[in-house]
Amino acid sequence: MELLAVFLPLFAFIVAGLFGKQIGDIGCQIVTSASVIIAAVFSVILFFEVGLGDYEAYSTILTRWIDSGTFQVNWALRVDTLSVVMMCVINIVSSCVHIYSIGYMSHDAAKGRFMAYLSLFTFAMLMLVTADNLLQLFFGWEGVGLASYLLIGFWNHKPSANAAAQKAFVVNRVGDFGLALGIMAVFVIFGSLDFDVIFSQVSDFADYKFVFLGYELHALTVASLLLFMGAVGKSAQLGLHTWLPDAMEGPTPVSALIHAATMVTAGVFLVARMSPLFEFAPVALIVVTVFGATTAFVAATIGLTQFDIKRVIAYSTMSQLGYMFFALGVSAYGAAMFHLMTHAFFKALLFLGAGSVIHAMSDEQDMRNMGGIAKKIPATYTMMWIGSLALAGVGIPGIFGFAGFYSKDMVLEAAWADASWFGHYAYWMGIAAAVMTAFYSGRLIFMTFHGKPRASKQVMSHIHESPAVMLAPLYVLAFGAIFAGFLFYNSFVGSAHHGEHDAHHIAKPLASGDHHDTAMIESTTKRNAKEEIKKAAGTIKAGIETQVSNVEEKMIGHAESIAEDHSNGDLNPRAKSDNDQIDAAHTDKHTNDHDDKAHFAATKEDFWKNTIFIRAGNDTVDAAHGVDLWVKLLPLIAGLFGLGLSYIFYIVAPGLPEKCVKAFKYPHQLLFNKWYFDELYDALIVKNALRLGRVFAVAGDKNIIDRLGPDGTALASLKTGTIFGKIQSGFIYHYAFIMIISVIGLVTWFFMKAW
Amino acid sequence: MLDFNLIPILPEIFLAFTAMGLLIVGVSGGNKSTDIICWAAVLSCLMAIFLLFGISWQRTTVLNDMFIIDQFGGFMKLIILLGMIASIALSVKYLYQEQMIRFEYPVLMLMACVGMMLMVSAHNLLGLYMALELQSLSLYVLAAFRRNSYKSAEAGTKYFVLGALSSGLILFGISLVYGFTGSINFSVIQTSLSNEGAANIGAIIGMVFLLSGLAFKISAVPFHMWTPDVYQGAPTSVTAFFAIVPKVAAFALIIRLLYEPFAPLMEQWSQIILFLSVASMTVGAFAALVQDNLKRLLAYSSIGNMGYALIGIVAGNEAGVSAVIIYLFIYMFMTAGTFGVILCLRRGGIASEKISDLGGLSLTNPALAYAMAILMFSMSGLPPLAGFFGKLFVFQAAIDGELYALAIYGVITTVIAAYYYLRIIKVMFFDDPVDTLDKDIPFARRAVIFVSVIFVLGFIIKPNLLVSSSQSAASAITAPQGLAVKKTIKEPPQAAAAGDRPSSTEAAATVTGAQDK
């Protein structure tokens, strides 16, 4: 099953990439979408088996990759909770994006190539998360980097897209350099790259030291920090983040899939995967926390001032990644993964929604040229609201909330519960960022959809709702953005040890009906819980059913629209892929229902099993359930406050933003120019590197290496050849002369030696 | 005293009689019977192969030690006969296309073949010379075969005059060796030399002359001067024959000479071969860079290839000899295929020989272009084609013999040589097409190209077939002398130290005395 879930996208890539011309654009779209959707179905099944069920985690070894002395690496698929969570996220978001792209790229010339790249990316990402050793992870890591490069620069007729692609690649190289060193360090320490081998030995090396750059350093800290360097690059944390906003040059589905939902979370996954290592490197954890918290804050401040709709969301992504990292830093790996999952849904939703807006506005991305289009594209408008509310983390404590409400609160509570200076630092940074997040989310909605239209009349007259093929994925993602937090709260971060706190807890919708947990939960709580289960299950079912029927309606509508567009009978294949989509939705529903009845991993211990390692006494997620009430409520208040503020700024008193800009001229410039990171890098690194490069290129390469090397030898060879050619005069006596002289020479040689 | 066991010599006798029989047929049938004679010649080569397999390859000497048959000789003869079949098959149609239909052509080739087979089996310096001359005289005539062509006549003349010079060198060498060792019999020479070793300067000089003459036959630098001119001037089918077969025979002869009579002088001859090898590789790599005539280019290519093959001899071990045999075998196949393609390059009945004539061949005649590309890749030594393995074994032998510098030099020249092979491919695939080729490619030529390409591609699948048989052939030539060789390797320092003239002249005197008896 895991084989299908991982290799179907590869198959799709090969088919669409190599035979794209033969099977045509529609063929490519069907093959890739169908493959990824089937893969998604399988990964959901795996999720229920391995994550929520009580299947043991396992590794499927495909073949030996490298066998060199003691260095042995396999190709293997590791299936445990961590990887199946990632597989679900990747495959579900990827299928949505695949379907969405059919509509979004409908005017593009190279649809087949685009779909092939998307599938390639999906495969590489799956290889990354199912790796059972660091080298295979590195393979996937580089694979997603390549796919990202190809997709950012997909519109390669645009110089800015090419530049952005190169920037992403080069900046990631810096991070990957660290990752590669980290992998080598791990090999030096443990003598193996297999996760199992590493994790089983970690405690033995807790105090191990080795020499790095001439200093004797704590080995695990060094290795962890080097690995984290890779994560910083891939996940656009402060310092190596400059590529992410530029990456928005790629088509919007790409931004949704790669630069919001999946690839950029690879760093989070890496740290979570290597949790045993980081747990024994407290210093590294502090660094991770501080990096994450600072990123969350800085990115949010930049997001306040940007006008490009995609860039706003990009900075928001960066900021949310910061949340995930400081959650990791305070050992709340479950919370980080939880936020990763919910974030994937609502951020992909926001991006695809933004894509829908851009599509409607004839490729306009500047929010200053939008406004007043809410009524014209109501579905997109609703979706954007759902996404934004989820991002802002809005919910009603104890009853229901959007996905971000559960995960973001959990992250912040865990940070507070860490009860350390960096935990508190992260908490306050996170609260500040939460205010700003809500503010710019509101700003985005209000500027884009409300107020007076600022676009030209021509554009306004063209505005139209996106086709069903683009909206259907939005609905699926919106479903995730609404319910993902609510449904999986207990599984990801629910606690078994702090039952007494559950009474006070904001949300406890799905306590377990399973027997082996009952002992741990007080009977009163249980009774409450049972009632709530009934309620919740009802809600879910209703939700799912409306959702599915929605999707079905849309699909039918879409099939009809296709039939109109292509009266020549092309509709069958496409309609089929859409049916797959519906089937997938059905399967989702079915399995969900099934699991409501059957056992449901009710606590994070049941869910994560042993895939995440937390040192004793360090379990901040457990502790987070017991923090003071104000700590729990503050994030929500921050979110509502931010939203309210944006309402005042952009609806009630539209002149206010300008006044603020005037009042805070210099801070605004700092933020508007993204804290001058790009300028700083340009002055410090890029210019000097170019200068150095020019020296080496002209003086070193051209004048020395080329002249003495390739060019020189080639010339010398030709000259030698010409000389030989001249000796070949054609005169027979010359030939004879040379023969005789040679014989004489040889004879002399032996005479000389004899005497 | 009379040793009249003629069984081991049966294939040669058969071929000689057939050749003369076919001559009679030709005389009575005139030039019209040329193609019949050609195919009869092919058939007789096939028969000779059967006969060759029929006789025992156990080491035996017959005709008063004039003639030897052993594993090595048998295997080399097999290669020669295969090469003969290929080159006659390539020629038939060409004779008609170029209006040089004369029945003597196949007869001469058969004669040359007899000469070459006798060379391989020579066990006596005079036998060697006779066989060599039989072969050479046939080749001189063949080179000038299109006698109304100025170039062909020039090629024949040059080849003849320089060949005569080389024969002179060989004869002089033989007389010196005879004078200083007292015998023309290979075994006696070996025994005599292993007693004296390097002290016998006369014999060494004789060997130098002998080797120089033979180096002419394999066109090793600096005795290669005739090669480009003759390759270019001779009719293409003859050039193909020159490139394919006589080299193998001459190589076999050199190996036998060096490992049987002159085995005790390994220290000395390896210096000569080293020089020849390095010089050949150099000239082969560089001079071909500036050629624009295909046949001339292949002449330099063959010079370079002889240089690589010589590396195996310098290595001086069994692996080396086996590598040489493998190398020659593969080289023969590749060359046959390549000339097959060149023979197909005809436009409106006129043969083209320029590299530029290959332009756009991939469009006008893709099958031919791909065949040529595969052959060229193989020639330049790219894995997984056969040519790569030929070079691999040779360089491996050099490494085993601790000749690192030589191996490295070989690899470097391979890289340089790759340029002109790849250039041909580039011209075929990337240049603008010239006019289309004539379509009528005869079956025999197709077959030769096909077999050659299949061999080149398929060698990697079952390399052991060739490798193991060449190893047994190599061990047959190196094993019996093993003791003697080892002995001389130890000896030279002493001999050189005590190398004063009196002892050598004394030895010469005693040997001559013995001869007088």
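Here are some questions and answers on how the terms used for this predicted model follow from its values.

Q: Why is A:Arg173 said to form a salt bridge with A:Glu142?
A: The closest N and O atoms of A:Arg173 and A:Glu142 are 3.1 Å apart. The cut-off is 4 Å between a side-chain nitrogen of Lys or Arg and a carboxyl oxygen of Asp or Glu, so the pair qualifies. A:Arg173 sits in helix H6 (residues 159-190) of chain A and A:Glu142 in helix H5 (residues 134-152) of chain A, 31 residues apart, and the pair thus links distant parts of the chain.

Q: What makes A:Arg173 partly exposed?
A: Its relative accessibility is 32%. Buried would need a value under 20% and exposed one over 50%, so A:Arg173 falls in between.

Q: How do you know that B:Glu154 and B:Lys158 meet in a salt bridge?
A: The N to O distance is 2.6 Å, and the limit is 4 Å, so this pair counts. Both residues lie in helix H6 (residues 150-181) of chain B, four residues apart, about one turn of the helix.

Q: Why is B:Lys158 called buried, and why is B:Glu154 called partly exposed?
A: B:Lys158 has a relative accessible area of 5%, which is under 20%, so it is buried. B:Glu154 stands at 30%, between 20% and 50%, so it is partly exposed.

Q: What makes B:Glu260 and B:Arg256 a salt bridge, and are these residues buried or exposed?
A: Their closest N and O atoms are 3.3 Å apart, and with a limit of 4 Å the pair therefore qualifies. B:Glu260 is at 2% relative accessibility, so it is buried. B:Arg256 is at 0%, and therefore buried too.

Q: Which residues do salt bridges that share partners join into one network?
A: The network is made of A:Arg78, A:Asp80, A:Asp196 and A:Arg273. Over all chains, the search finds 25 salt bridges.

Q: Which peptide bond joining B:Val221 is cis?
A: The bond from B:Val221 to B:Pro222 is cis, with omega near 5 degrees. B:Pro222 is in the loop between helix H8 (201-217) and helix H9 (226-233) of chain B. Another cis peptide bond joins B:Pro383 and B:Pro384, where omega is about 5 degrees.

Q: What makes up the contact between chain A and chain B?
A: On chain A 25 residues take part, and on chain B 35. The buried area is about 2,600 Å², with carbon and sulfur atoms giving 80%. A:Gln728, A:Met739 and A:Phe750 lose the most area on the chain A side, together 26% of what that side buries. Between the two chains there are zero salt bridges, while five residue pairs are in polar contact. H31(A) gives the most to the chain A side, with 15 residues.

Methods. Residues numbered from 1 in each chain as written. Chains lettered and ligands numbered in written order. Predicted model: local features only at pLDDT ≥ 70, side-chain atom pairs only at ≥ 80, totals over all residues. Heavy atoms only, no water. Contact = heavy atoms within 4.5 Å. Buried area = accessible area lost by both parts, 1.4 Å probe. Polar contact = N/O pair within 3.5 Å; in protein donor to acceptor, adjacent residues only side chain to side chain. Helix = DSSP H or I, 4+ residues; strand = E, 2+ residues; numbered from the N terminus. Buried < 20%, exposed > 50% of the residue type's maximum accessible area, 1.4 Å probe, protein only.
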